[in-house]
Amino acid sequence: MIKRAERIKPIGGFGIDRVAAAAEETGGSHGGPILRMENLDTDLPLPPEALETTRATLDDPKSNSWLPFTGDLDLRAAISDFTAERCGHRYDPEREIVVTAGGMEALLNVLLCTVDPGDEVIVTDPTYAGIVNRIRLAGGVPRFVPFVGEDGGWRFDRGRLLDLVGPQTTGFLLMSPSMPSGGYLDEDDWLAVCDLCRERDLFLVYDAAMERLLFDGRPLVHPLRMDGMAERTVVVGSLSKEHRMIGWRVGWVAGPAETVTDAGWAHVYNTTMPVAISRFAATAVLRGDQGHVDGCVAELERRRDTMLAGLPGWPFVSPAGGWSLLLDVASLGFEPAEASRILLDDAKIAATAMTGWGDEVAARYVRFVFSAEPVERLETIPERVAGTKLAEAVAGRV
């Protein structure tokens with residue numbers, strides 16, 4: 001029998017694939033009878049430069065080259081300018097930025113370079129299962145600070161931070177708005193995190209993938225603007241969420257030169273190179289007009305509001321941003337997997353149970369992704385769920 005490595009034993013699936021397969025079996029293509037709300041696909045338009053530039057550069061030899069292994073300098077310079085505009089800190093394109101095949105590869109590279117077996121990394125509860133399990137793949141132990149679901153949204157439980165930070169804690173891995181909850185870290189939240197980073201000599205991996213997808217006029221609060229954080233923060237960026245360029249697989253690591261050099265070698269010996277065919281489009285998009293993001297934020301907010309207005313009394317927690325919102329099915333007396341089955345079988349809605357996406361908080365919820373379904377289809381949800389066991393449980397609460 002082939003040996004099974006210890007690091008893989010706590011790794012499990014995240015449910016999206018199973019729900020998607022079940023939806024496909026019943027003819028659930030996008031635009032069909034089933035609402036596809038189980039994964040982060042999107043029907044929102046691409047940035048105007050993405051397709052045009054990709055088509056125009058397909059026959060350029062650089063679009064089919066191994067080199068440079070860590071991303072061409074023009075793209076890294078565009079990332080430097082883009083990041084500096086957001087946070088006021090400029091990274092050296094040659095020494096402090098590496099381009100990767102998507103943001104999740106970037107996260108794993110950083111974790112492989114900063115986490116030893118048994119080191120604890122603090123994330124939120126809930127957190128995307130792909131992040132939780134990358135910590136485990138690197139040999140680390142995820143520790144969970146709760147997002148508390150309250151009237152009006154999520155609250156980052158700052159009071160738990162001191163309980164969680166211990167002798168094995170090596171750093172934080174945080175994003176705002178967070179995935180899958182849409183939870184938001186305000187200035188006081190970031191100050192609490194950054195104070196602990198400075199006092200306990202901890203690092204921060206900041207996942208910037210959704211940082212501008214904020215609703216209700218919330219400001220972008222960037223941890224790099226906090227005193228003393230530039231030397232202990234690694235920024236992981238991506239074009240997959242804010243810019244909707246999922247298939248281009250463009251991500252990056254930006255941070256102190258020593259850490260970025262290490263992450264670059266982890267990248268090279270993992271994937272060898274970024275996606276060369278994406279290099280020109282990524283550069284053009286990052287240097288282009290970013291106004292398209294505002295339009296997408298407005299549409300995402302409209303979709304969130306459509307769902308919340310259509311199901312009053314349902315125990316949703318309103319997200320402060322992002323692509324999805326969570327339903328507290330435990331408060332209705334259901335296990336998340338059971339609720340997911342009911343939604344698919346009886347309401348023709350594909351939604352993913354959050355089991356394994358954190359700890360006790362995540363284990364209560366089912367996720368609805370609203371990035372791939374237009375308002376007109378989301379308006380059918382009240383009719384779809386009427387008469388289901390979930391709707392009966394909501395009625396019994398009133």
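Start by selecting Trp66, Leu67 and Phe69: together they make a nonpolar surface patch with about 350 Å² of accessible area. Patch members have over 30% relative accessible area and no salt bridge (a Lys or Arg side-chain nitrogen within 4 Å of an Asp or Glu carboxyl oxygen); nonpolar side chains are joined within 5 Å, like charges within 9 Å. Areas are Shrake-Rupley with a 1.4 Å probe, and for residues only the protein chains shown count as cover.

Before moving on: this is a predicted model, where local features need pLDDT of at least 70, side-chain atom pairs need 80 or more, and totals for chains, interfaces and linings use all residues. Numbering runs from 1 along each chain as its sequence is written, and side-chain values use heavy atoms, without hydrogens or water.

Stay on Trp66, in the loop between helix H2 (48–56) and helix H3 (73–87). Trp66 is exposed, at 59% relative accessible area (exposed is over 50%, buried under 20%, partly exposed in between; 1.4 Å probe, protein chains only).

Now jump to Pro223, in the loop between strand S7 (203–207) and strand S8 (233–238). Pro223 is buried, at 0%. Show its contacts (heavy atoms within 4.5 Å): leaving out residues up to four places away in sequence, Pro223 touches Trp190, Cys194, Leu204, Tyr206 and Met229. For a distance check, pick Cys296: its C-alpha is 24 Å from that of Pro223.

Finally, zoom out. The chain has 14 helices and 14 strands, and 58% of its 398 residues are buried.

Methods: Helix = DSSP H or I, 4+ residues; strand = E, 2+ residues; numbered from the N terminus.
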